[in-house]
Amino acid sequence: MFNDPICDATSRKVDTQLRSDRRFGVEPRFGIVTPTFQRYRFLPKVFRQVRAQTYLHWALVLVNDGPDPRARRSFERHCGDEPRMHFIETPAATRDWGGTPRFAGVDFLAQLSPPLDYLLFWDDDNSYYPGALRIVEQEIQRHNTPDLLLMPLFTDLTQTPRPNLNLHQ
């Protein structure tokens with residue numbers, strides 16, 4: 001298990017603030033990290049699915065693994081007017097299956113204000129229902145703000161997802 005006193009203290013502070021906010025009806029904010037590498041063709045679908053979410057308290061950072069003008073152009077074309085969506089790039093391609101871009105995305109989202117409450121990793125080749133974030137938010141409420149929420153994977157997109165999630169506190 002990862003043990004970092006600074007992260008633990010920050011986590012406790014965020015958890016305390018979130019639990020306090022929940023008593024006053026403030027909904028949690030989600031940070032979404034989407035790593036990508038030479039898959040600019042998938043990006044318009046990602047952008048549409050995130051923007052179509054019925055839950056509105058989120059921020060997305062698309063992290064391109066190494067400079068790729070096609071990914072930047074796709075982002076600018078589809079997300080230029082959306083202040084909750086951000087684009088960053090690693091200086092060079094790391095080709096580590098999204099590890100470096102994910103860390104870069106977490107670092108970027110950690111600097112946003114107001115702070116985010118939960119972090120999600122959404123890959124560029126996955127599909128998300130318009131109500132996906134709402135289901136996550138409802139499960140968080142139902143289980144009193146868990147520290148970790150594991151989502152099931154649905155491979156049959158003709159089926160409606162059932163909120164039957166594994167939670168760890």
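1. The largest cavity has a volume of about 40 Å³. The structure in which it is found is a predicted model, and the count of cavities of 30 Å³ or more comes to one. The residues that line the largest cavity are Thr-34, Val-46, Gln-49, Val-50, Trp-122, Asp-123, Asn-126 and Tyr-128. Helix 2, covering residues 43-51, gives the largest share of this lining, with three residues.

2. Is Leu-43 buried or exposed? Leu-43 has a relative accessible area of 0% and therefore counts as buried, the cut-off being under 20%. Leaving aside residues up to four places away in sequence, Leu-43 touches Thr-36, Leu-62, Ala-71, Ser-74 and Asp-124. One of these, Ser-74, is 31 residues from Leu-43 in sequence, while the two C-alpha atoms are 6.9 Å apart in space.

3. For the overall architecture, the protein has five helices and six strands. Along the sequence these elements follow the pattern α-β-α-β-α-β-α-β-α-β-β.

4. Four strands form an open sheet in the order 3-2-1-4, and their pairing is parallel. At its edges are strand 3 (85-89) and strand 4 (118-121), each of which pairs on one side only. On average, and with direction ignored, neighbouring strands of this sheet are turned by 20 degrees against each other. In general, the strands of a sheet pair through backbone hydrogen bonds, in either a parallel or an antiparallel manner.

5. The pairing of strand 2 with strand 3 may be examined in detail. How many bridges join strand 2 to strand 3? Strand 2, residues 58-64, runs parallel to strand 3 and is joined to it by five bridges. Val-61 has His-86, in strand 3, as its bridge partner.

6. Helix 4, residues 99-110, lies across strand 1 (30-36), strand 2, strand 3 and strand 4, and runs at about 150 degrees to strand 1. Helix 5, residues 132-142, packs on the sheet as well, where it touches strand 1, strand 2 and strand 4. The direction of helix 5 makes about 135 degrees with that of strand 1.

7. Which residues of helix 5 are buried? They are Ala-132, Leu-133, Ile-135, Val-136, Glu-137, Glu-139 and Ile-140. Just after helix 5, Asn-144 adopts a positive phi of about 55 degrees.

8. Some totals complete the description. The protein has 169 residues, of which 36% count as buried. Of the contacts between residues at least 6 apart in sequence, 73% join residues at least 24 apart. The accessible surface comes to about 10,500 Å², and carbon and sulfur atoms account for 55% of it.

Terms used:
Residues are numbered from 1 along each chain as its sequence is written. This is a predicted model: local features need pLDDT of at least 70, side-chain atom pairs count only at pLDDT 80 or more; totals for chains, interfaces and linings use all residues. Side-chain values use heavy atoms; hydrogens and water are left out. Two strands pair if DSSP finds at least two bridges between them. Helices (H or I, at least four residues) and strands (E, at least two) are DSSP runs, numbered from the N terminus. Axes are lines fitted to C-alpha atoms, for helices over the stretch in contact, and angles run from 0 to 180 degrees between N-to-C directions. Contact means heavy atoms within 4.5 Å. Buried means under 20% relative accessible area, exposed over 50%, partly exposed in between (1.4 Å probe, protein chains only). Accessible areas come from the Shrake-Rupley method with a 1.4 Å probe; for residues, only the protein chains shown count as cover. On a 1 Å grid over the protein atoms alone, a cavity is a set of points where a 1.4 Å probe fits but cannot get out, and a pocket is an open set with protein on both sides within 12 Å along at least five of seven lines; lining residues have an atom within 4 Å of a point. Grid points are joined across faces, edges and corners, and a volume is the space filled by probe spheres set on the points.
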